[in-house]
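The sequence and structure come first.

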Amino acid sequence: HAGRLWGGRFAGGSAPAMATLSRSTQFDWRLAPYDLAGSVAHARALHRAGLLTDDELAGMLDGLETLSGEVASGAFRPSPADEDVHGALERRLTEVVGPELGGRLRAGRSRNDQIATLLRLWLRDHLRLVAGAVSEVVVALHDQATAHLGVPMPGRTHLQHAQPVLLSHHLLAHAWPLLRDVDRMRDLDARLALSPYGSGALAGTSLGLDPTFVAHELGFADAVANSIDGTSARDLAAEAAYVLAQVGIDLSRLSEDVILWCTYEFGFARLDDAWSTGSSIMPQKKNPDVAELARGKAGRLVGNLAGLLTTLKGLPLAYARDLQEDKEPLFDSVDQLLVLLPAVAGMVGTLTFDAERLASLAPRGFSLATDLADWLVRERVPFAVAHDVAGAAVRYCEARGLELSELTPDRLAEISPLLRPEVLDVLTVSGSIDSRDGRGGTATVRVREQLDEVATALDAA
Ligand code: ARG
């Protein structure tokens with residue numbers, strides 16, 4: 001069983017199909033730098049416990065350094081006989097420093113605490129990368145919102161014209177969920193900051209090794225409080241998969257807006273050539289493929305979350321090999337987002353808006369009816385009555401092909417004696433928008449305030 005991490009109690013080798021099933025190097029090899037960092041910390045812990053002499057520690061660290069270089073350059077790759085990243089690296093270490101020293105490193109640790117630790121290290125680094133890329137999308141939204149402050153658009157509910165809003169307000173409405181995703185990743189990092197190293201196979205470390213020392217060496221705040229939990233919990237992996245899926249969903253909703261806005265019928269915005277694609281048969285086409293891939297990948301990210309949760313459901317404590325299935329969905333979700341996020345940022349940042357069209361459509365579809373009702377309320381009319389009168393005005397206009405703003409004093413009087421000509425003053429888009437000046441509203445002052453708040457959140461992100 002030379003070059004393998006186990007085998008003493010087995011008379012023969014694994015069946016080829018068994019080895020193929022068991023092998024995980026094709027996806028866990030990307031954890032090799034983290035495995036080596038763990039080994040450096042573990043070697044120091046062995047030395048502190050008196051299990052490695054000064055010379056042995058120096059030799060071990062030299063060997064691990066050599067190995068790091070070989071891994072980084074690609075000079076060393078796992079062979080088909082290596083079961084996993086841990087086995088491959090120990091095999092190579094033993095080749096580099098010799099079996100006498102190489103065989104000492106594994107004392108007091110298990111692949112169960114190793115893999116749980118490596119996954120946390122990997123997640124901490126990569127969630128930070130994802131958060132940075134998410135922030136770039138927020139920057140693009142913030143830039144567009146800043147550039148278009150003052151442009152009104154039709155605000156919709158149920159996709160029907162509802163009330164006019166500022167385009168900037170709508171764009172920032174996509175920024176906030178993404179900022180919360182960044183926040184979620186930061187929150188999660190605090191939970192990921194406990195090291196399972198030293199949990200051993202499940203029962204904890206023997207040989208006087210100090211898990212807290214190893215944790216600090218690896219940049220963790222402390223070691224986990226329970227070794228069974230440390231080796232077999234994957235709720236944090238699931239939480240990461242959730243946050244990554246939520247990023248996908250938030251990008252997908254933003255993308256759906258972009259897709260609609262860029263249709264001929266909406267005509268709100270145009271995609272930059274660099275961030276759209278053509279058709280192989282229809283020469284006129286300019287397709288929103290970035291947005292569509294975002295929408296599509298969101299489904300894949302939700303699938304990764306669902307798959308991981310399903311793997312975990314019903315698993316008894318402690319470690320079981322099922323847990324090996326945790327890595328590919330997480331790696332995939334991160335890989336997909338790191339490709340997708342820069343493209344979404346590019347697409348959003350280069351959208352051109354048809355401000356004139358947005359402004360001209362803002363009051364259409366009787367979107368000022370609420371303002372008419374609000375005017376009546378300020379005239380001390382009960383809102384229920386005001387709602388009815390405004391509804392009657394809409395019905396009147398609809399029957400005659402008019403907009404509310406086209407009502408004359410005579411027509412207003414015909415609809416209701418409550419509608420004095422002064423009501424016409426509030427039947428404007430800018431009047432409507434700037435009247436919504438409570439905190440969080442679409443009034444220009446509030447949107448300006450939001451721009452500052454988003455900028456502050458970006459500084460902190
Ligand atoms: N490849 C395993 C995983 O990803 C590492 C731990 C293996 N432990 C074991 N006893 N086979 O979970």
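The model is a predicted one. The protein is divided into three parts: domain 1 (16–107), domain 2 (112–360) and domain 3 (362–460).

**Domain 2 against domain 3**

- The C-alpha centres of domain 2 and domain 3 are 37 Å apart.
- Domain 2 brings 25 residues to the contact, and domain 3 brings 18 residues.
- On the side of domain 2 that touches domain 3, at least two residues each come from α7 (111–147), β1 (152–157), β2 (160–166), α8 (167–192) and α14.
- The most is given by β2, with 7 residues on that side of domain 2.
- By class, the side of domain 2 that touches domain 3 has 16 nonpolar residues, 9 polar and no charged.

**Helices α3 and α7**

- Two packed helices are described by the distance between their axes and the angle between them.
- The axes of α3 (residues 32–48) and α7 come within 9 Å and cross at roughly 120 degrees.
- Angles of 65 to 115 degrees count as roughly perpendicular and those over 145 as roughly antiparallel, so α3 is oblique to α7.
- The crossing of α3 past α7 is right-handed.
- On α3 the contact is made by Tyr34, Asp35 and Gly38, and on α7 by Gln114, Thr117, Leu118, Leu121 and Trp122.
- The residues in the contact of α3 with α7 comprise 4 nonpolar, 3 polar and 1 charged.

**Positive phi values**

- Phe366 is in the loop between α14 (355–361) and α15 (369–378).
- Although Phe366 is not glycine, its phi is positive, near 60 degrees.
- A residue is buried if 20 or more other C-beta atoms lie within 10 Å of its own; Phe366 has 21 and is therefore buried.
- Arg380 sits in the loop between α15 and α16 (383–400).
- Phi of Arg380 is also positive in a residue other than glycine, near 75 degrees.
- The cut-off for an exposed residue is 12 or fewer such atoms; Arg380 counts as exposed because it has 7 C-beta neighbours inside 10 Å.

**A cis peptide bond**

- The peptide bond that runs from Leu317 to Ala318 is cis, with omega near 0 degrees.
- Ala318 belongs to the loop between α12 (289–312) and α13 (327–349).

Methods: Residues numbered from 1 in each chain as written. Predicted model: local features only at pLDDT ≥ 70, side-chain atom pairs only at ≥ 80, totals over all residues. Helix = DSSP H or I, 4+ residues; strand = E, 2+ residues; numbered from the N terminus. Domains from an automatic or database assignment. Contact = placed C-beta atoms within 7 Å. Nonpolar A, V, L, I, M, F, W, Y, C, P; charged D, E, K, R; others polar. Axes fitted to C-alpha atoms, helices over the stretch in contact; angles between N-to-C directions. Parallel < 35°, antiparallel > 145°, perpendicular 65-115°, else oblique. Left-handed = near helix turned anticlockwise from the far one by under 90°.
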